[in-house]
Amino acid sequence: MRVAILTFDGFNELDSFIALGLINRLKPQGWIAEVASPNSHVTSMNGVTVDAQRPLEFANEADVVLFGSGIYTRAIAQNSKLLDQLRLDPLRQIIGAQCSGTLLLARLGLLGDIPACTDVSSKPWVVEAGVLVTDEPFRARGPIATAGGCLASVYLATWVMARGAGVDAAASALHYVAPVGEKDEFVAHALGVVTPFLDT
């Protein structure tokens with residue numbers, strides 16, 4: 001499975017890197033998650049600069065596409081030239097968004113009437129885009145999911161892994177990264193959040 005982590009200038013490191021790190025625990029099963037960006041490199045909201053591993057257009061052929069958030073998401077949502085490069089298809093792709101990334105899903109017309117999650121700061125913009133925002137950390141319907149709150153990126157990544165590779169594979173990846181002494185509880189909690197949405 002090829003996973004595009006869409007990452008723009010001003011990105012939130014937690015959103016992009018937690019998903020990247022977790023999903024790449026499935027490399028032995030043939031998964032690979034990569035940072036996809038419109039530029040050759042992007043700088044985070046805290047000044048961390050990383051090289052893009054793939055161009056933005058990679059999202060159009062990836063099996064999974066995840067939108068992170070960032071401090072410039074509202075401007076990106078108004079950049080038609082940039083968003084027009086994305087031709088995503090929920091009939092053949094798993095698509096998710098984290099925090100303000102939900103606004104980009106809305107602008108691309110991918111949410112429809114699906115209730116969605118976002119962070120507190122981004123909520124007014126997402127509501128303004130016509131989306132019903134729920135006060136939950138994670139929600140999915142079919143191949144579309146949203147998460148709200150930086151650390152809810154764990155739930156988004158868990159859902160992607162469970163949906164694409166199975167619950168056991170997701171549990172194994174989570175167990176590896178979970179805090180020592182809390183591994184079973186951590187895995188059970190994350191799976192408990194996303195499992196109700198695996199068959200929706």
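# Exercises: salt bridges and a helix pair

Glu61 and Arg2 form a salt bridge, their closest N and O atoms lying 3.6 Å apart. A salt bridge here is a side-chain nitrogen of Lys or Arg within 4 Å of a carboxyl oxygen of Asp or Glu. The model is predicted: local features need pLDDT of at least 70, side-chain atom pairs count only at pLDDT 80 or more, and totals for chains, interfaces and linings use all residues. Residues are numbered from 1 along each chain as its sequence is written, and side-chain values use heavy atoms, leaving out hydrogens and water.

## Exercise 1

Task: Find where Glu61 and Arg2 lie, and say whether each is buried or exposed, or in between.

Solution.
- Step 1: Helices (H or I, at least four residues) and strands (E, at least two) are DSSP runs, numbered from the N terminus.
- Step 2: Glu61 sits in the loop between strand 5 (54-55) and strand 6 (64-67), and Arg2 in strand 1 (residues 2-6), so this pair links distant parts of the chain, 59 residues apart.
- Step 3: Buried means under 20% relative accessible area, exposed over 50%, partly exposed in between (1.4 Å probe, protein chains only).
- Step 4: Glu61 has 41%, so Glu61 is partly exposed. Arg2 has 33%, so Arg2 is partly exposed.

## Exercise 2

Task: Which residues are linked with Arg2 in a network of salt bridges?

Solution.
- Step 1: Arg2 also forms a salt bridge with Asp63, with the closest N and O atoms 3.6 Å apart.
- Step 2: Asp63 lies in the loop between strand 5 and strand 6, so the pair ties together parts 61 residues apart in sequence.
- Step 3: Asp63 is partly exposed, at 23% relative accessibility.
- Step 4: The network links Arg2, Glu61 and Asp63.

## Exercise 3

Task: Which parts does the salt bridge of Arg74 and Glu128 tie together?

Solution.
- Step 1: The side chains of Arg74 and Glu128 meet at 3.4 Å, N to O.
- Step 2: Arg74 is in helix 2 (residues 73-77) and Glu128 in helix 5 (residues 123-128), so parts 54 residues apart in sequence are tied together.
- Step 3: Arg74 is partly exposed at 37%, while Glu128 is exposed at 54%.

## Exercise 4

Task: How do helix 6 and helix 7 lie to each other?

Solution.
- Step 1: Axes are lines fitted to C-alpha atoms, for helices over the stretch in contact (heavy atoms within 4.5 Å). Angles run from 0 to 180 degrees between N-to-C directions.
- Step 2: The axes of helix 6 (residues 153-165) and helix 7 (residues 167-177) come within 6 Å and cross at roughly 140 degrees.
- Step 3: Under 35 degrees counts as roughly parallel, over 145 as roughly antiparallel, 65 to 115 as roughly perpendicular, and the rest as oblique.
- Step 4: Helix 6 and helix 7 are therefore oblique to each other.
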